[in-house]
Amino acid sequence: MNVMPQSGKAGQLERELAYYRRECNMLGARLLSLQEEQSQAFREARRSRTVAKLIREAYRLIDHSTSPEALGGPMLAILLDNTMCDRAALLREDRPGSGHFTVTHALGLGGELPAPVSLPATPGFFFTTSRSRIEPPAYELTAILRLPYILWAYDATSGLALILGNQSESNVSRPFEEADQEIVEGALSVYIDILLRKRAEVEMREARRMAEEASSTRSRFLATLTHELRTPLNAIIGFSEMMATGSTFNPTPEQIGQYNTHILTSANHLLALINEILDYSSLARGRTSLSLRWARLEDMVQESLGAATAFAAERGISLGSQLGEEPLWLKVDRTRFRQILDNLLSNAIRFTPAGGKVRVEVAPEAEGIRLCVRDTGIGMLAEDIPRALEPFQQLDNKFSRSSPGTGLGLPIARGLVRAHGGELTIESARDAGTCVWISLPEEALHRGAAPPSAKP
Amino acid sequence: MIEVTYSRHSDPRIAARLCADALRARQPDLLLVFCGGKLDPETVMVVLKESLSDVPVVGGASAGGITRQGIGYSGLELVVIAFSGWVTPRILIEEMAPDEVTAGERLGRRVADLASEDAAVLLLYDSVASRPPLRLHPASQIVSGFHAGLSDRQVRLFGGGLLTDMNLSDGWVLDGDRVRHHLAVALVFPPEIEVVCEILHGCRPVSTFMEITRIDGADVYELDGEPALVVIERMLGLQLGESQGQELSLLATLGQKQGDPFAPYDENAYVNRLILRASPSNGSVTLFEPDFFTGAQVQIMARDNSLMLESVRHGVASLREAVREDDNQLALYIDCAGRASARSGAFREEAEMVVKGLDLPVPFAGFYSGVEIAPFQGYSRPLDWTGVLAILRRRPR
């Protein structure tokens with residue numbers, strides 16, 4: 001047995017200790033390295049799963065969002081959750097290719113939306129690192145999220161852009177790099193796709209609603225039409241049968257006179273109804289031809305007021321007008337324009353209690369003209385106004401029952417105004433009267449003592 | 001009564017409304033809130049107060065939330081703990097001025113006046129003091145000041161640093177009515193409540209002992225007479241000179257073993273310090289805390305995800321058994337943000353294991369923190385890279 005001296009043994013132990021220390025540190029370093037490699041591999045795997053996870057979660061948003069605009073916030077939340085970035089924003093280019101962007105959604109900025117941004121040249125993909133020079137477009141892009149490290153993607157077709165940002169270059173995430181193009185462009189593509197899908201879904205829903213409404217309106221129209229036609233026809237048939245040869249009913253000559261009057265009234269009503277239906281149908285199909293001529297507004301208004309005088313007097317309504325001093329000429333189809341005024345005056349008189357007033361007023365505009373038939377009648381609720389403009393949609397009130405019209409007056413008037421390039425709108429409130437406005441464009445108006453000399 | 005609600009939404013109004021609506025108590029006495037850093041805290045506070053009779057709201061930013069309803073660290077998570085009645089803690093607030101030690105001392109004195117012996121005290125503060133360069137409020141100084149202020153009074157101090165995200169971007173505190181910075185809040189629980197804590201670890205030593213031969217505050221310049229960064233780079237087998245060195249916090253820590261240095265490995269014997277950044281120019285590394293000193297024997301520690309998950313398994317099982325028969329009121333998990341799988345690279349979310357493992361009928365809430373504070377060998381200490389699982393329970397008579 002080899003016995004070592006004490007000093008030699010101590011030296012041996014020191015060498016042994018140094019060996020174990022060295023080996024321990026080497027093994028430790030190896031362990032550290034393996035551990036880090038494993039973590040790194042997991043983080044990379046997690047990153048590579050990001051796009052797939054993002055797609056899965058983003059498409060679920062379609063079912064949970066009420067509108068296309070509502071998709072932006074949740075989309076950014078999903079993005080930040082998956083990419084572990086600090087802030088993100090979606091931007092929309094104001095005009096294609098303009099480089100002027102408005103931030104539509106942002107997350108991580110405490111609720112405020114960054115100001116609009118203008119880019120001298122809009123890159124499709126861009127990122128910054130600690131080595132990036134702060135010059136365009138890095139200067140403008142880093143200002144959006146107020147963060148030094150950003151990742152940007154822009155889709156020129158849709159004009160939409162996505163920006164992600166980090167406060168630190170590398171902590172949870174590694175620095176941004178070329179390989180991140182896949183994530184940021186993938187995310188933007190997914191957003192654009194779900195946005196378009198949601199828009200299509202909303203449009204389809206709206207189209208369906210409108211189709212259903214149109215179908216319902218058509219059914220309602222037909223039902224009302226049948227009823228409206230049948231009522232005078234029944235009167236005509238009934239009274240005719242009573243007077244027919246072989247009838248068991250022996251009317252007196254006085255009764256025959258009355259029945260003839262009823263038949264004539266009903267037939268006239270039927271004729272008026274059919275004429276209005278044809279009018280409405282022609283307007284609805286856009287087949288109304290107008291013969292436009294310059295006509296003095298005051299003349300047309302006075303003619304209509306004159307024609308309505310008897311009806312107004314019968315109901316105790318006073319008529320008037322306020323057309324201003326300046327002679328005004330309108331380029332309209334005189335007959336059709338009279339028809340509009342007659343319809344509106346008739347309606348106004350019918351829905352105004354005795355002692356009320358109906359006036360025709362003019363409000364010249366900077367561009368075009370506005371004409372109003374104003375009454376002091378019963379008015380209507382704001383929610384009833386759209387219905388009043390639909391065919392056969394007379395609002396139920398004591399006046400509509402006591403003085404029934406065809407229910408086509410307002411829709412026809414609106415159709416005729418539109419055929420003249422104008423618009424008809426209603427302002428009304430319950431028990432505060434109604435004002436029906438007719439707006440005509442600038443080219444339909446001339447001011448002066450005489451009409452323009454140019455041919456119409 | 002204590003209730004926990006959770007929501008995750010990009011709109012702070014909706015997030016707050018969801019949490020408020022889910023509470024049964026419509027007039028709680030206090031809300032403790034951990035608010036994701038991407039949610040606007042002012043809005044969250046206003047909505048919670050409007051919904052719940054102008055209740056005081058304390059708490060602050062969190063890098064993420066942990067509850068039975070959900071776990072996440074997107075920054076959009078909101079965790080609300082509502083206290084009503086006898087379990088409601090008293091609130092003490094101190095600004096961190098002129099420095100953390102003084103603030104801690106003032107807070108300690110006030111706690112000593114208010115708290116019963118061995119009372120449970122939850123300490124929360126905003127971790128980030130300023131940036132750039134990044135400087136943290138050192139928990140070790142707050143805690144040492146706190147103990148000095150307590151004098152001979154014993155309390156069970158636990159808590160954590162509040163962060164808006166894992167990138168240490170910011171932190172803020174809710175003081176009852178406002179959102180503030182540079183603030184320490186102590187929640188002093190009534191005498192009937194005690195706290196039992198389990199510290200969940202996840203690091204193991206990968207080097208022999210090294211002596212800190214030069215240190216200034218949190219900046220370690222030399223280990224065994226060599227530049228600290230050179231030593232660490234040699235261990236890691238990589239050069240950090242080109243990078244900012246912040247990723248070091250993802251790789252290694254420095255650990256100080258308490259007690260007998262040559263006793264068999266015990267995870268509970270280590271105090272770890274994460275590395276905040278490296279400075280290639282002078283070869284130093286900056287730790288999260290400035291509580292190491294010249295002559296201290298430290299080891300380079302590796303984060304070990306398997307060990308972390310193992311520690312969670314054992315720690316949760318041990319705590320569950322310890323409190324199974326008790327009148328538990330609240331489980332609070334203060335979890336280092338770095339342990340989240342996105343950052344640690346662990347194949348499982350350890351917070352999820354904690355939530356599932358603690359299958360007791362007790363409200364559960366947690367948040368991702370900067371630094372964790374827990375009673376450690378008879379004295380509360382700030383810890384890094386740990387999870388502190390605390391059970392607040394009625395004190396046995």
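Chain B is assigned domain 1 (2-200 + 307-394) and domain 2 (203-302). Domain bounds come from an automatic or database domain assignment. The model is predicted: local features need pLDDT of at least 70, side-chain atom pairs count only at pLDDT 80 or more, and totals for chains, interfaces and linings use all residues. Residues are numbered from 1 along each chain as its sequence is written, with chains lettered from A and ligands numbered from 1 in the order in which they are written.

The centres of domain 1 and domain 2 of chain B, taken over C-alpha atoms, are 28 Å apart. Their contact takes 17 residues from domain 1 of chain B and 19 residues from domain 2 of chain B. Two residues are in contact if their C-beta atoms, placed from the backbone, lie within 7 Å. On the domain 1 side, α4 (139-150), α7 (305-323) and β27 (379-383) of chain B each give two or more residues. Helices (H or I, at least four residues) and strands (E, at least two) are DSSP runs, numbered from the N terminus. The largest share of this side, three residues, comes from β27(B). By class, the domain 1 side has ten nonpolar, four polar and three charged residues. Here Ala, Val, Leu, Ile, Met, Phe, Trp, Tyr, Cys and Pro count as nonpolar, Asp, Glu, Lys and Arg as charged, and the others, Gly among them, as polar.

Within chain B, B:Val87 lies in the loop between β6 (77-83) and β7 (90-95). B:Val87 counts as partly exposed because 18 other C-beta atoms lie within 10 Å. The cut-offs are 20 or more such atoms for buried, 12 or fewer for exposed, and partly exposed in between, with C-beta atoms placed from the backbone. Leaving out residues up to four places away in sequence, B:Val87 touches B:Ile2, B:Pro190, B:Ile193 and B:Gln329. B:Leu168 is 81 residues from B:Val87 in sequence and 33 Å away in space, C-alpha to C-alpha.

Chain A has ten helices and 14 strands. Its domain assignment gives domain 1 (61-202), domain 2 (205-284) and domain 3 (293-454). The C-alpha centres of domain 1 and domain 2 of chain A lie 64 Å apart. The radius of gyration of chain A is 40 Å, whereas a compact globule of 456 residues would have one near 23 Å. This radius is taken over C-alpha atoms, and the globule rule is 2.2 Å times the number of residues to the power 0.38. Along the principal axes, the C-alpha atoms of chain A fill a box of roughly 160 × 65 × 40 Å. Of the 456 residues of chain A, 31% count as buried.

In chain A, the axes of helix α6 (residues 297-314) and helix α7 (residues 334-350) come within 9 Å and cross at roughly 35°. Axes are lines fitted to C-alpha atoms, for helices over the stretch in contact, and angles run from 0 to 180 degrees between N-to-C directions. Residues of α6(A) in this contact include A:Met300, A:Val301 and A:Phe311, and those of α7(A) include A:Phe337, A:Leu341 and A:Ile349. The contact of α6(A) with α7(A) divides into ten nonpolar, two polar and four charged residues.

Between the chains, 36 residues of chain B are in contact with 35 residues of chain A. On the chain B side, α5 (228-236), β23 (297-303) and α8 (341-344) each give two or more residues. This side has twelve nonpolar, 16 polar and eight charged residues.
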